[in-house]
Amino acid sequence: MKNANPFHGIICPILTPFDKKGNIDFVALQRFIEFLVSEKMPCLMIGGTTGEGPLLSVEERKQLSEAAVQFVAKRMKIIVHVSCLSTRESLALTEHAQELGVDGISAITPFFFSYSEGEVYRFYEAIAKTAPEIPISLYCFPGNAKYEIKGSLLEQIIKNLPNVKAIKSSNPDLIRLYEYVTIAQNDFSVLCGVDALTLPALTLGACGQVSGNSNIFPQPFIKLYDSYHRGDLETARECQVAINAVRAVLKDSIAHFKAASEIQGVPVGNPRLPIQPLSQSEKAKLSIDIASLKSS
């Protein structure tokens, strides 16, 4: 396999900037990437949940990935999220990601319909065989995608699909996350996608955090991860408290993330319909809350 396993540390599922007409704003994307580079963010995920990937067309997602690869210029690792409602489109995005030479691919479980374990396995098998040289991460988000990956399926995938190297769990169930950790082999990563559980997940054996809130406040996440691995648990706990305060203000909400980015001087436009932007009064309150976070 050409790429080392990129699924560790702090991974930012980057916001997708839009202009006033609702099209991808590539100038704003470059500016936002430069902000994350300046904050020493080690890895980006393109077109994920926080990036409104499911609301983009396949062509837009290809253009977004191409632009991100160009703008990052190998200064950070890049993971591309490829799942669509249509498996055929998911495979097209997988092929495209492989052509771009990205560091990793993420694929959420098939969604909307109720799928059997065998059907979910076949989906990941198709992804893995389409990009055999790229490390792949499963993405389990039962709150949004209806399907929860159980230990039996994870064991089957690890055994039979050698380029599947990680699973991201956006599930507040730490018992399930620990089950993933106990199944994982040495070269397989378990990632947490619930920011409130960043430190608890690391203590259970997770390898990193995929954090939407890190778009706006990268440092508490980067510092927490580094402190934990230095054995400085006191600082890591302080960072988790800070992260919890950030979550209380930003509400794990794309609309709040985008408004907060503008407030901090790196505008990325509004969310795409049907997601609604914050009202002026909500933005005013958010601005006060952010100022309070920074002063505390």
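Predicted model: local features only at pLDDT ≥ 70, side-chain atom pairs only at ≥ 80, totals over all residues.
I found a closed barrel of eight strands, in the order β1-β2-β3-β4-β5-β6-β7-β8, with parallel pairing. From one strand to the next, the twist averages 25°. I then looked at where the barrel's β7 meets β8. Strand β7 covers residues 189-192 and strand β8 covers residues 208-210; they run parallel, and two bridges join them. I noted leucine 191 standing opposite glycine 208 in β8.

**Largest pocket**

Next I checked the open spaces. I got about 410 Å³ of space for the largest pocket. I listed 23 residues in its lining, and those nearest the pocket's centre are Thr49, Thr50, Phe141, Gly193 and Asp252. I sorted the lining by class and wrote down nine nonpolar, ten polar and four charged residues.

**Aromatics**

I searched the whole structure and came away with five aromatic pairs. Phenylalanine 123 and tyrosine 124 make an edge-to-face pair, because their ring planes stand at 70°, with the centres 5.2 Å apart. I checked burial too: phenylalanine 123 and tyrosine 124 are both buried. Tyrosine 139 and phenylalanine 141 are a stacked pair, with 25° between the planes and 6.1 Å centre to centre. I found tyrosine 139 buried, and phenylalanine 141 as well.

**Cavities**

How many cavities of 30 Å³ or more are there? I counted two.

The largest cavity holds about 50 Å³ of space. Which helix gives the most to its lining? I noted helix α11, residues 254-263, with four residues. Among the residues lining this cavity I wrote down Ala255, Lys258, Ala259 and Glu262, along with Pro271, Pro277 and Lys283. By class, I have five nonpolar, two polar and three charged residues around the largest cavity.

The second largest cavity has a volume of about 30 Å³. I found Phe32, Phe35, Asn215, Ile216, Ser261, Gln264 and Val266 lining it. I sorted these residues into four nonpolar and three polar, with no charged residues.

Definitions and conventions. Residues numbered from 1 in each chain as written. Heavy atoms only, no water. 1 Å grid on protein atoms, 1.4 Å probe; cavity = no way out; pocket = protein on both sides within 12 Å on 5 of 7 lines; lining within 4 Å. Points joined across faces, edges and corners; volume = space filled by probe spheres on them. Nonpolar A, V, L, I, M, F, W, Y, C, P; charged D, E, K, R; others polar. Pairing = 2+ DSSP bridges. Axes fitted to C-alpha atoms, helices over the stretch in contact; angles between N-to-C directions. Phe/Tyr/Trp six-rings, centres within 6.5 Å; stacked < 30°, edge-to-face > 60°. Buried < 20%, exposed > 50% of the residue type's maximum accessible area, 1.4 Å probe, protein only.
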